[in-house]
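Me: I would like to learn how to read a structure I have not seen before. Please take me through it one feature at a time.

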Amino acid sequence: MDNLFEAWRTARPPYYDQKYKDILMREFADYGARTQDIKAFETAYEFYIYAFFVGLYNNEKKPISVKENSYGHKIEFWGNKSNKRERKDFSIIQKYIFTALVVKTDIDFIALDKGEITEESAVSKLMETMEMYTNGGMGLIREKFEDDEPFFYTPTGFLNFLLESSISKKEI
């Protein structure tokens, strides 16, 4: 095992379920989610990160039916905004996601260190966990969007959803 974090972040871009492409990815990131010409997420991968945390905080994992990756942005570039004037770098998000994945993924790290399992198989498991949480999060977001479409078009809609959905799950 050389460096699992580096292997994970430089692997292929993660997938999401194709059924969410038009209703979520394009609505909130690729083409808009515009309320007076303001996009909810500057990039599709930022929405992907949001959906991951929604799924994670709600412990909502769903397998992907049809894999989609229309944004093609590798994890190693997520949050790298230092070259943009108005945005600060938030690439630390990569480490936060990785830490959550290590905790939530069933990997025998001793076997990995001994070479009994490959780094590629460990990365594959991490990616699968990430994709399942993201898919679960997108499912929750879509349910809310279909029930109350204007909800996400308020200034704090996405924050409120993350807070409300994770709190309500804990109360159950």
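Reply: What follows is a walk through a predicted model, from the overall fold down to single residues.

Me: How many helices and strands does the protein chain have?

Reply: There are seven helices and two strands in the protein chain. Along the sequence they come in the order α-β-α-α-β-α-α-α-α.

Me: What share of the residues of the protein chain counts as buried?

Reply: The share is 47% of the 172 residues. Contacts tell another part of the story. Among those between residues at least 6 apart in sequence, 74% join residues at least 24 apart.

Me: Which residues have the most contacts inside the largest nonpolar core?

Reply: The general idea comes before the case. In soluble globular proteins, nonpolar side chains tend to be buried together. Here the largest nonpolar core has 48 residues, and W8, F47, Y50, I97 and I141 have the most contacts inside it. At least two residues of this core come from each of α1 (4–9), α2 (21–30), α3, α4, α6 and α7 (157–171).

Me: Which helix gives the most to this core?

Reply: That is α3, with eleven residues. Helix α3 spans residues 44–57, and 13 of its 14 residues are buried, which leaves the helix mostly covered.

Me: What length does α3 reach from its first C-alpha to its last, and what is expected?

Reply: Helix α3 reaches 20 Å, close to the 20 Å expected at 1.5 Å a residue.

Me: What comes after α3 and has a positive phi?

Reply: Again, the general idea first. Most residues other than glycine have a negative phi. In this model α3 is followed by N59, which is not a glycine and yet has a positive phi of about 50°. N59 sits in the loop between α3 and β2 (67–68).

Me: At what angle do α3 and α6 pack?

Reply: The angle is about 90°, and the axes are 6 Å apart. An angle of 65 to 115 degrees counts as roughly perpendicular, so α3 and α6 are roughly perpendicular to each other. On the α3 side the contact is made by F47, Y48, Y50, A51, F52, V54, G55 and L56. On the α6 side it is made by M130, E131, Y133, T134, G136, G137, M138, L140 and I141. By type, the residues of this contact of α3 with α6 divide into twelve nonpolar, four polar and one charged.

Me: How do the axes of α4 and α6 cross?

Reply: Helix α4 covers residues 93–104 and helix α6 covers residues 119–147; their axes come within 9 Å and cross at roughly 100°. That makes α4 roughly perpendicular to α6. I97, F98, L101, V102 and K104 of α4 meet L126, T129, M130 and Y133 of α6. The residues of this contact of α4 with α6 divide into seven nonpolar, one polar and one charged.

Me: Is I141 buried or exposed?

Reply: I141, which lies in helix α6, has a relative accessible area of 0% and is therefore buried.

Me: Which residues does I141 touch, not counting those up to four places away in sequence?

Reply: I141 touches L24, F28, F47, Y50, A51, V54, F152 and F161. A sequence distance and a distance in space can also be read side by side. I141 and Y20 are 121 residues apart in sequence, and their C-alpha atoms are 9.8 Å apart in space.

Me: Is K21 buried or exposed?

Reply: The cut-off matters here, because buried means under 20% relative accessible area. K21, in helix α2, has a relative accessible area of 19%, so K21 is buried. Leaving aside neighbours within four places in sequence, K21 is in contact with Y16, R26, E68 and S70.

Me: Where is K81, and how is it read?

Reply: K81 is in the loop between β2 and α4. Its relative accessibility is 3%, so K81 counts as buried. K81 and S91 are ten residues apart in sequence, and from C-alpha to C-alpha they are 8.0 Å apart in space.

Definitions and conventions. Residues are numbered from 1 along each chain as its sequence is written. This is a predicted model: local features need pLDDT of at least 70, side-chain atom pairs count only at pLDDT 80 or more; totals for chains, interfaces and linings use all residues. Side-chain values use heavy atoms; hydrogens and water are left out. Axes are lines fitted to C-alpha atoms, for helices over the stretch in contact, and angles run from 0 to 180 degrees between N-to-C directions. Helices (H or I, at least four residues) and strands (E, at least two) are DSSP runs, numbered from the N terminus. Angles under 35 degrees count as roughly parallel, over 145 as roughly antiparallel, 65 to 115 as roughly perpendicular and the rest as oblique. Contact means heavy atoms within 4.5 Å. Ala, Val, Leu, Ile, Met, Phe, Trp, Tyr, Cys and Pro count as nonpolar, Asp, Glu, Lys and Arg as charged, and the others, Gly among them, as polar. The expected span of a helix is 1.5 Å times one less than its number of residues. Buried means under 20% relative accessible area, exposed over 50%, partly exposed in between (1.4 Å probe, protein chains only). A nonpolar core is a set of buried Ala, Val, Leu, Ile, Met, Phe, Trp, Tyr and Cys residues joined through side-chain atoms within 4.5 Å.
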